[in-house]
Structure formats: structure tokens, C-alpha cells
Amino acid sequence: MRTTKAARLLAAGAAVTALTLLSACGGGSGDRESEALGTKAPVRPQVKKPQVNVLPGMPPVEDPTDLYAADRPNRLSPVVKDFPTRVYVPNTNSDTVTVIDPATYRVVETIKVGRQPQHVVPSWDLKTLWVNNDLGNSLTPIDPRTGKAGAPVDVHDPYNLYFTPDGRYAVVMASMDRQLVFRDAHTMKVVKAVPVSCYGVNHADFSIDGRYFIVSCEFSGEILKVDTAGMKVVAQEKLPLRGAMPQDVKISPDGKLFYIADMMAHGVWILDGDRFTRPRFLATGKGAHGLYVSRDSREMYISNRGEGTISVFDFAQDRLTRKWHLPGGGSPDMGGVSADGKVLWLSGRYNSEVYAIDTRTGAQLARIKVGSGPHGLAVYPQPGRYSLGHTGIFR
């Protein structure tokens with residue numbers, strides 16, 4: 001009996017406590033009822049972005065919807081954050097590299113290099129700038145920390161230079177030799193020379209997973225698809241225009257399309273790289289040449305060398321939205337975007353000058369005299385984790 005009575009007293013006390021707690025809720029009882037009925041919005045689980053099955057050894061893709069996510073304004077790698085900001089301009093006819101301080105628009109140095117320098121190329125590890133001395137059959141290394149040039153390295157016919165996404169190999173665009181030459185990314189020793197049947201290999205960009213890259217062949221109007229790991233051409237296509245001269249190549253932020261500038265078609269070919277079917281065409285301007293993605297990944301700047309203009313392409317809208325005209329004309333060629341994304345730098349190939357262009361308004365900020373035949377200039381440093389080559393393709 002004592003045990004039963006005690007149990008009843010405990011139960012009664014619990015009931016009183018429960019009633020007290022309910023009454024303390026006051027007018028909020030309706031909310032409690034709603035919660036009990038399950039009408040409160042559930043906590044949404046975090047959705048993980050799909051992972052990309054990348055080339056072994058390649059850094060993971062940060063954002064599969066935007067390959068340039070690591071290239072946001074001033075997002076500099078620890079490797080380059082203390083490097084002085086400079087614009088390096090290879091002058092093909094002067095055999096020099098002009099160095100510009102972009103803060104003052106003044107030439108601060110002129111470096112003597114090998115014969116016919118074509119492009120200044122950041123290395124995969126971001127530590128070196130390689131000057132491609134095409135007819136000099138050499139690469140001149142520049143230390144971007146000090147701005148000093150080192151001893152040239154023997155490399156035959158280096159018209160342009162790229163790096164595989166895993167950082168293992170340099171890929172030399174040996175235009176006149178009609179080869180893609182895979183070399184050790186550090187020593188530049190030949191690993192494999194791949195003959196090609198097209199003429200004038202010159203520019204490239206890599207797929208989202210790094211497993212293949214698209215190459216333009218300037219003199220035969222063709223494009224190639226190359227297996228990165230296999231080091232072999234797996235597809236080849238003639239562009240559907242007689243006299244086509246494809247130039248720069250750039251992949252879309254979502255990795256689905258490749259854009260290929262064509263200086264004779266006066267526009268850009270748009271290619272599905274995976275399917276490698278017939279590309280469609282977008283007219284941009286006379287002598288379309290260089291392609292550069294904005295720091296927010298929304299736009300692409302297209303230099304039209306033959307008419308002194310820059311077309312602005314909107315990726316989401318899939319159309320041109322603006323065209324900027326250089327005052328008095330010019331020959332805008334190759335270049336890059338400043339680390340903060342505010343200035344587009346382009347060489348004036350036939351005018352011995354360099355242009356600084358405001359990316360918000362298209363206004364010319366400066367026109368700087370350099371050597372003869374300025375070509376593939378590099379703005380450095382730029383944001384990104386690693387470089388795929390050319391004048392700065394960063395991921």
C-alpha cells in the first residue's frame with residue numbers, strides 16, 4: 001500500500017508540473033500545436049556539389065558549375081602574394097620583354113631575351129614566367145619575385161606553352177615542327193613528341209576534368225582533341241569555313257563548351273568538346289584573336305585585332321552585349337585581366353604599344369609604347385591555384 005500511494009503522489013506531482021509548464025507558454029500554445037502537427041519548415045540538408053572525376057594528380061575542381069571559381073578578384077595563392085604586380089610584354093621583332101608597372105603605366109625595365117619571343121607563360125606551380133623564344137629555340141625563365149631573367153633553356157620551336165592539369169608535363173606548341181611536345185614541367189626534357197597532320201598548332205585549353213584538351217591549328221583551319229594522359233590526338237576536325245585561321249581557345253565556366261577565336265572568320269567558334277561535333281559560329285569583329293574571362297566568370301572579352309575593338313560576351317545570355325572601341329584604333333591582340341578584375345591589358349601587335357582598358361566602362365586608361373611586335377603579354381601575378389599556361393589560364 002505504501003508503495004502504491006507513493007507512486008500516486010509522484011504521478012500527481014508530474015501532472016501538476018506539466019500543467020504549470022503549459023500555462024507558462026501563454027498565447028504561444030498555437031505555435032506549439034502547429035509544431036506538433038509538423039507544419040514547421042524542416043531543416044534543409046546541405047546539398048553537396050557533384051564531384052568531377054579528374055585526371056589523376058590534378059587538383060580537385062572547386063566548383064563544377066564554375067571552373068574559374070579560384071580566379072576571383074585578388075584571391076592570390078600564397079605562392080605569389082608577395083610578387084610585385086607587373087605586365088610582361090614580349091616584343092617579337094625587338095627580341096625583348098618590356099616590363100610595365102600597372103600602377104603608374106610606366107615601363108620599368110626592358111629584358112633582352114632570345115629571338116622572336118611570342119608569349120610570356122606562367123608555370124604550373126606559379127613560380128616562374130617562361131618567355132617563348134620561338135625562332136631562338138629556347139625558353140627564358142624570369143623570376144617574378146625579382147624580375148630577373150635566368151639562363152635560357154634549349155627548347156625547339158616553342159611558339160606557345162601549356163601545362164597539363166596534374167602539373168607533370170609542359171606541352172610545347174611546336175608550330176613549324178608540326179608537333180605537340182610533352183616535356184617535364186620542371187627540366188623541360190622531352191617525354192614524348194606527338195606529330196600532328198594539321199599546320200600551325202598554336203593555342204589550347206583543357207576540359208573540366210583535365211582528361212583532354214582542344215588545340216587550334218592556325219594555318220590549316222583545323223582543331224584537334226588530344227588525350228592528356230595518353231598524349232595522343234583522338235579527334236580532328238576541319239572548321240566549316242574556307243580560309244579559317246583559329247587562334248585563342250577558352251572553355252566556358254561550366255565546362256560544357258569551348259570558344260575558339262578565328263581571325264579570318266571574324267568571330268568565335270563554339271564547340272561541344274565532349275561530343276566534338278560541328279561547331280556553331282558567332283561573329284564578333286574583324287580579326288578576332290584573344291579570349292579572356294572576367295573575374296566574376298560572367299563575361300568574356302574578345303579582342304578584334306583587325307578593327308581595334310573588344311567585344312563583350314555574356315555566358316548566361318549566350319550573346320554579345322557590348323563592343324568597346326579603342327580611340328584612334330589599334331591592333332588589340334593577346335593579354336590578360338588584372339588581379340582585381342578592373343583592367344584588361346592587351347598588346348597592340350602592329351602598333352608597338354600596350355592598351356589598358358577599364359572592364360566596367362570599356363574606356364582606354366592608358367596606351368603605352370613598347371618594343372616592336374608586342375604579342376602574348378602576361379599580367380602577373382593573377383588569382384588562381386595553378387596555371388595551365390599561355391598568357392595565364394588559371395584554375
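**Cavity linings and an enclosed strand**

Modeller: By class, 11 nonpolar, 2 polar and 5 charged residues make up the lining of the second largest cavity. Nonpolar here covers Ala, Val, Leu, Ile, Met, Phe, Trp, Tyr, Cys and Pro; charged covers Asp, Glu, Lys and Arg; the others, Gly among them, are polar. The model is predicted: local features need pLDDT of at least 70 and side-chain atom pairs count only at pLDDT 80 or more, while totals for chains, interfaces and linings use all residues. Residues are numbered from 1 along each chain as its sequence is written, and side-chain values use heavy atoms, with hydrogens and water left out.

The second largest cavity has a volume of about 100 Å³. Its lining comprises 18 residues, of which Val61, Leu67, Arg385, Tyr386 and Arg395 are the closest to its centre. A cavity is a set of points, on a 1 Å grid over the protein atoms alone, where a 1.4 Å probe fits but cannot get out; lining residues have an atom within 4 Å of a point. Grid points are joined across faces, edges and corners, and a volume is the space filled by probe spheres set on them.

There are 2 cavities of 30 Å³ or more. The lining of the largest cavity divides into 7 nonpolar, 7 polar and 3 charged residues.

Because 6 of its 6 residues are buried, β2 is largely enclosed by the rest of the structure; buried means under 20% relative accessible area with a 1.4 Å probe, protein chains only. Thr96, Thr98 and Ile100 on one side, and Val97, Val99 and Asp101 on the other, are all buried, leaving both faces of β2 covered.

Strand β1 (residues 86–91) runs antiparallel to β2, joined by 5 bridges, where pairing requires at least two DSSP bridges between two strands. Val87 stands opposite Ile100 of β2. In the hairpin of β1 and β2, 4 residues lie between the strands, and Asp95 in the turn has a positive phi of about 55°.

Strand β3 (residues 106–112) also pairs with β2 in the antiparallel sense, over 6 bridges. Thr98 has Thr110 in β3 as its bridge partner. The hairpin of β2 and β3 likewise has 4 residues between its strands, with Tyr105 taking a positive phi near 60°.

Methods. Buried < 20%, exposed > 50% of the residue type's maximum accessible area, 1.4 Å probe, protein only. Helix = DSSP H or I, 4+ residues; strand = E, 2+ residues; numbered from the N terminus. 1 Å grid on protein atoms, 1.4 Å probe; cavity = no way out; pocket = protein on both sides within 12 Å on 5 of 7 lines; lining within 4 Å.
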